[in-house]
Structures are given as C-alpha cells and as structure tokens.
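Here is a short walk through one protein model, written for someone seeing it for the first time. Have a look at it, then read on.

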Amino acid sequence: MSDTLVDTSISRKAKDVTAGFVGGAVQVLIGQPFDLIKVRLQTGQFRSPIEAFQSTLKNEGARAFYKGTLAPLFGVGACVSVQFYGFHEAKRQLLKYSNSQTLTMGQVYLAGAFSGFVNTPITSPVEQLRIISQTQKTTPVLGPKQLLRNIYTEHGLVRGVFRGFNITLVRECQAYGTWFLTYEYLMQNAIKSRNITRDQISTPELMAYGALAGEMLWLSSYPLDVIKSRIQSDGFGAAKSKYNGKWNLVIKDIMRVDGIRGFWRGIGPALVRAIPCSAGTFATVELTLRLLG
C-alpha cells in the first residue's frame, strides 16, 4: 500500500489481515525445524546446532522437527495477520495526524513497533506453548490442548498461560520495528532510485528484501529472545522455577555459565531460518495483496 493512498475502508483492512495470515502460515511451515533447534540450544539442551539436529533425528525421528507445529500454524498465522494489520493501520494513522503524504523512517519503525505491541497478547501464550512442546521430555508427549489445559488449571493466566508477557512485549516491539523498517527502507529505495511503482518490484527482489529484513530482526533482538526462552521454558511454581520470571536472574545465570556468548547461543539457526521464512512471508503478503487488489 502506498503511503500516498490512504485507504481506510473495511475491505482494505480485511485484505491486510488475510494477506498476513497467509504469510504467517507459510512462515511456520518453512521455519519450524530451524526454530525447534534454536529453542533447544537457547535452553541449554545441546551445545551446537549439529548436535541438536543429530540427536533429535536419532532419538525422536524426523517428525520431531515439526513438534509443536499445530499451535504456531494457526497462532503465527493469526500473529502475522495482526502484525501486518497493525503496521498498516499505524501507517494510516500516522499519515492522517502528521498531515503528510509519506512517512519518515522513524515513523515506519514506530508503526512496526506498534505491530509488535498489538501482537504480543497472541504471541506470548503461543510461544509459551511452543517452547514447552519443544523442550518437554514427558512420555507420552502432551499436545498443545492438554498443555494449555494443564498450565491454566495449575497456574492460571498471568503466571501460567501468559508467563513471560513483559519480555515478549519488549522483544516484539524491537524486533518488528526493525523488521518493517528494514523492508520498507529497501522497498522505498528501489521505488525512488528506479522510478517504479511498488507492484513493479519483482518476486525475487521481494524475497531478497524480506530475507535481509529477517536478518536484521534477529540481530537487533536476539538477546531478548534468549531471555524470553529461558523464562518460558522454566519450571512452574516456586519449588520448580529457577528464575521466577525475573530477567535479572536469567541474565546473571547466562553470564555466569556462558558469558556474553550465552546471549547469542542459537543465533546461527535463527539467522539461517530467517532467510527463507522472512523472504517467504514478505513475498507472500505482497503477492497476496496484489492478488486481492
């Protein structure tokens, strides 16, 4: 959507949501195996991506790489639809109240951060379930519905289902502010330098810009993601919890065991995953929006 054409209709908003959901589903299907390895590295189960891959394949089989997929397939679809709707809606409002035809890059970052803000109530419980699914060692392995039921029954909403909400909120704002900023900067640069319209940018270019945006997302927010994974994979209750939801305890523990490097554990799989996932997400959303008109 061009900044100069501010369409506030219900149909426009519905198209933003639909395109985001399709993009989110594609993102999950591409990235789930990489994400499982990332989480297992972040939570200290393995020392290297190769060890995590080989051990998971040997002991749990190939299907394990899609362990916990059901919740994020719908959850991430919903998340990304909210992200793109939130981003475009923030852009519309910023254009309206700034009385301008285009947004500054700072305003684009704010719109992206807003998308992370409105997305957090969905992201926080979905990622809580996904991380527990990926790190659980119980037999039989519990599905997302049973996990959700158990967490809610035993620990409630705030300390259970929405555990890690605050760190998720901070990570989301920083990550998606940077994500959208990078992508829109590259798109606007292509449009201005070549004097073309947005729909003239080719699919390979969309994917390349999306891939670069994905790399910047993780580089700008990865330490926050490590802290979040530690908190959301921690035991529940005073007797089993190592951190009790406190960031400072997580930071001290990481520094004591691994130093600064501990905040970047698992960054390799995250960066590798980001290339196809972010490329696929942005290209899918752009092409879906073009198809919907």
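## Around Ser-241

A polar atom in the side chain of Ser-241 sits 3.5 Å from the backbone nitrogen of Tyr-243. The Ser-241 side chain also makes a polar contact with the side chain of Asp-234, at 2.8 Å. (A polar contact is a pair of N or O atoms within 3.5 Å; within protein, one must be able to donate a hydrogen and the other to accept it, and residues adjacent in sequence count only if both atoms are side-chain atoms.) Leaving aside residues up to four places away in sequence, Ser-241 touches Asp-234, Gly-235 and Phe-236, where contact means heavy atoms within 4.5 Å.

Where does Ser-241 lie? You'll find Ser-241 in the loop between α9 (237-240) and α10 (247-257). Ser-241 is buried, with a relative accessible area of 18%; buried means under 20%, exposed over 50%, and partly exposed in between (1.4 Å probe, protein chains only).

## What you are looking at

This is a predicted model, so local features need pLDDT of at least 70 and side-chain atom pairs count only at pLDDT 80 or more, while totals for chains, interfaces and linings use all residues. Residues are numbered from 1 along each chain as its sequence is written, and side-chain values use heavy atoms, with hydrogens and water left out.

Helices (H or I, at least four residues) and strands (E, at least two) are DSSP runs, numbered from the N terminus.

## Two domains meet

The protein is divided into domain 1 (10-67) and domain 2 (85-292), with bounds from an automatic or database domain assignment. Contacts join 31 residues of domain 1 to 34 residues of domain 2. Between them the domains bury about 2900 Å², 62% of it on carbon and sulfur atoms; that is the accessible area (1.4 Å probe) that two parts lose on being put together, summed over both. In domain 1, Phe-34, Lys-38 and Gln-42 lose the most area to domain 2, together 21% of what that side buries.

The interface of domain 1 and domain 2 has 4 salt bridges, each a side-chain nitrogen of Lys or Arg within 4 Å of a carboxyl oxygen of Asp or Glu. Helix α1 (residues 10-42) gives the most to the side of domain 1 that touches domain 2, with 24 residues.

## Charged pairs

How many salt bridges does the rule count? The count comes to 18. Arg-40 pairs with Glu-60, the closest N and O atoms being 2.7 Å apart. That pair links distant parts of the chain, with Arg-40 in helix α1 and Glu-60 in helix α2 (residues 49-60), 20 residues apart. Arg-40 is buried at 3% relative accessibility, whereas Glu-60 is partly exposed at 36%.

Glu-89 has a salt bridge to Lys-13 (3.8 Å, N to O) and another to Arg-92 (3.1 Å, N to O). Glu-89 and Arg-92 are separated by about one helical turn, because they are 3 residues apart in helix α3 (residues 70-98). Glu-89 counts as buried at 13% relative accessibility, and Arg-92 is buried too, at 1%.
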